[in-house]
Amino acid sequence: MWARIMKELGATDPQALMLRFHAQTGGSTLTAQQPLNNVPRVTIQALSAVLGGTQSLHTNGYDEALGLPTEEAAAIALRTQQVIGFESGITQTVDPLGGSYFVEALTDAMENSAWNLIHRIDEMGGSVEAIEQGFIQNEIAKAAYEHQLEVETGKKIIVGVNAFETVNEPPANVFRVDDSIRKIQSDKLIILRKKETLLNATTSCNF
């Protein structure tokens, strides 16, 4: 899709036709319930990104549904990448899933859906017009609503949330930011604004 769009825009350099992209595991899929379940979730998502050819990857910490990641969670997220990169063997070939009918069929379906959205946005006059008309916001809200509905009705299983639930105490090692930092930063901002106001007033008096 990238190569086709770039050609339509007039690109002739083969380097410009190469899509380079960053991938991040889905923070929205992390659950506060049974947070350690997020480790395999992140692993599967990271593996999918590598199989898809990503050049850059970020893996979320398993406790990010509860707060900022702890050092332990960040270390496990890093080790997840390293196990995939150095132990799995999938980085030894450009396209480990090449020739898979199922993957190719999914790719074709996703591409067709993406083109349909692109054409609809183009017909509206571009992304800015689509945003101003609320189209993009509505599509995101619609997808979020449909996902939540499937979870609440049990059509989509989220382990530890609507199935295989357990009653556990909340984890004790959640990273919490000292609230005094907020006060310090707020005070600094007040001082900075006062300085800017004074500077502007002084500058406006100069002729």
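Modeller: Helices here are DSSP runs of H or I with at least four residues, numbered from the N terminus. On that basis L51 lies in helix α2, and since this is a predicted model, what follows describes computed geometry.

Leaving aside its neighbours within four places in sequence, L51 is in contact with I90, D95, P96 and L97. K194, by comparison, stands 143 residues from L51 in sequence and 53 Å from it in space, taken from C-alpha to C-alpha.

Helix α2, which spans residues 38-51, has an axis that comes within 10 Å of the axis of helix α3, residues 71-86, and the two cross at roughly 40°. Angles under 35 degrees would count as roughly parallel, and α2 and α3 are therefore oblique to each other. The crossing in which α2 passes α3 is right-handed. On the α2 side the contact is made by V39, T43, A46, L47 and V50, and on the α3 side by I76, T80 and I84. Sorted by class, the residues of this contact of α2 with α3 comprise six nonpolar and two polar, with no charged residue among them.

The axes of helix α4, residues 101-124, and helix α6, residues 135-153, come within 11 Å and cross at roughly 150°. Angles over 145 degrees count as roughly antiparallel, and α4 and α6 are therefore roughly antiparallel to each other. L117, R120, I121 and M124 of α4 make this contact with F135, I136 and E139 of α6, and by class the contact has five nonpolar residues, no polar ones and two charged.

As for aromatic rings, the count of aromatic pairs comes to zero by the distance rule applied, in which ring centres must lie within 6.5 Å. R4, however, lies over the face of W115, at 4.2 Å from the ring centre.

Key: Residues numbered from 1 in each chain as written. Predicted model: local features only at pLDDT ≥ 70, side-chain atom pairs only at ≥ 80, totals over all residues. Heavy atoms only, no water. Axes fitted to C-alpha atoms, helices over the stretch in contact; angles between N-to-C directions. Parallel < 35°, antiparallel > 145°, perpendicular 65-115°, else oblique. Left-handed = near helix turned anticlockwise from the far one by under 90°. Contact = heavy atoms within 4.5 Å. Nonpolar A, V, L, I, M, F, W, Y, C, P; charged D, E, K, R; others polar. Phe/Tyr/Trp six-rings, centres within 6.5 Å; stacked < 30°, edge-to-face > 60°. Lys NZ or Arg CZ within 6 Å of the ring centre and 35° of its normal.
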